[in-house]
Amino acid sequence: MTVTVESPAVGTATPLTAIALEITGSCQLACTHCFAESGPQGTHGAMTVCDWQRVIADAAALGAREVQLIGGEPTAHPAWIELVDHALSLELEVEVYSNLFHVKSSWWGTLTRNGVKLATNYYSDCAAEHDRITTRPGSYERTRANLVEAVRRGIPLRVGIVRVLDGQRVVAARRELETLGVTRIRVDRTRRIGRATLPTGSKDPTELCGRCGHGQAAVLPSGEVTPCVMSRWLTTGNVHTGDLRTILGGAAWAEAMCVIPARAGDDPCDPDCKPASDGGDCSPAERNACDPKYDE
């Protein structure tokens with residue numbers, strides 16, 4: 001049985017618990033399944049630092065308690081620390097969703113601040129397999145080393161393992177993470193979104209987790225607002241031409257919410273769930289798809 005969820009009424013802004021800011025499309029890696037199709041040729045887009053700070057303030061005014069900086073690789077943006085500082089100054093928690101490929105020694109001070117958390121992806125306990133997925137030789141060793149350091153420093157950390165290859169060493173990867181001291185681990189299959197849909201570029205809303213837009217929203221490097229970074233083709237407005245409150249209460253937002261299927265099953269999600277919450281982890285990369293045929 002599929003739960004039906006009423007879309008928000010036009011003119012009433014969706015209350016937020018969290019907002020994801022895709023601050024760049026640049027990334028040292030070019031993972032074969034990347035939903036954002038990010039890579040070394042990606043750019044920081046059309047948003048200035050002031051634009052991002054304004055969005056963070058608008059999200060806080062709408063009730064958000066957490067900001068997720070994602071990409072691409074968010075630390076590739078020269079102002080990522082400035083954005084962390086701004087969010088913390090508004091008493092928001094911050095999750096930095098990094099590939100942990102490169103962490104400057106000076107960055108650990110920011111990552112260990114109260115209210116800051118880390119998230120990353122891991123693919124295998126075998127370097128060759130991990131690097132095949134990221135398409136960057138040496139990525140396994142560098143990500144692993146920075147995971148070890150994050151655990152050593154006591155930084156709140158969650159890791160997603162994505163099944164990309166047939167026969168991938170997912171179980172062994174989980175076991176390795178547990179040995180390293182990682183306690184929050186989720187496993188998911190590849191979502192047919194972004195690079196994983198090439199060459200067709202199909203857009204299938206049943207690949208989503210079913211919580212897009214429910215207490216959360218995302219802003220892309222272009223300034224476009226979507227219900228989630230995964231539902232990136234469902235653009236509902238641009239923060240260059242409208243404020244976040246207006247966009248979340250607009251007709252385009254309501255229409256996008258009608259496109260997203262409700263979660264599978266007869267038990268609706270916790271309404272307080274948000275992408276990086278300690279209690280929920282209702283994230284597209286870490287939940288079953290809303291179409292029951294994809295449930296495992």
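Trainee: How do the residues lining the largest pocket divide into nonpolar, polar and charged?

Mentor: First, the ground rules: this is a predicted model, where local features need pLDDT of at least 70 and side-chain atom pairs count only at pLDDT 80 or more, while totals for chains, interfaces and linings use all residues. Numbering starts from 1 along each chain as its sequence is written, and side-chain values use heavy atoms, with hydrogens and water left out. Now your pocket: 5 lining residues are nonpolar, 4 polar and 5 charged. (Ala, Val, Leu, Ile, Met, Phe, Trp, Tyr, Cys and Pro count as nonpolar, Asp, Glu, Lys and Arg as charged, the others, Gly among them, as polar.)

Trainee: Which residues lie nearest the centre of the largest pocket?

Mentor: Rolling a probe the size of a water molecule over the atoms shows where empty space is left. On a 1 Å grid over the protein atoms alone, a pocket is an open set of points with protein on both sides within 12 Å along at least five of seven lines, a cavity is a set where a 1.4 Å probe fits but cannot get out, and lining residues have an atom within 4 Å of a point. Here 14 residues line the largest pocket, with Glu-37, Ile-193, Gly-194, Lys-203 and Arg-232 nearest its centre. Its space comes to about 160 Å³, the volume being what probe spheres set on the points fill, with points joined across faces, edges and corners.

Trainee: And how many cavities of 30 Å³ or more does the structure hold?

Mentor: There are 2 of them.

Trainee: What is the strand order in the open sheet?

Mentor: Strands of a sheet pair through backbone hydrogen bonds, either parallel or antiparallel. In this model, 8 strands run β6-β5-β4-β3-β2-β1-β7-β8, with mixed pairing. (Strands, E, at least two residues, and helices, H or I, at least four, are DSSP runs numbered from the N terminus; two strands pair if DSSP finds at least two bridges between them.) β6 (185-189) and β8 (225-226) stand at the edges, each with a single partner strand, so one side of each has no neighbour in the sheet.

Trainee: How many bridges join β1 to β7?

Mentor: Strands β1 (residues 18-22) and β7 (residues 216-219) run parallel, joined by 4 bridges. Ala-18, for instance, has Gln-216 in β7 as its bridge partner.
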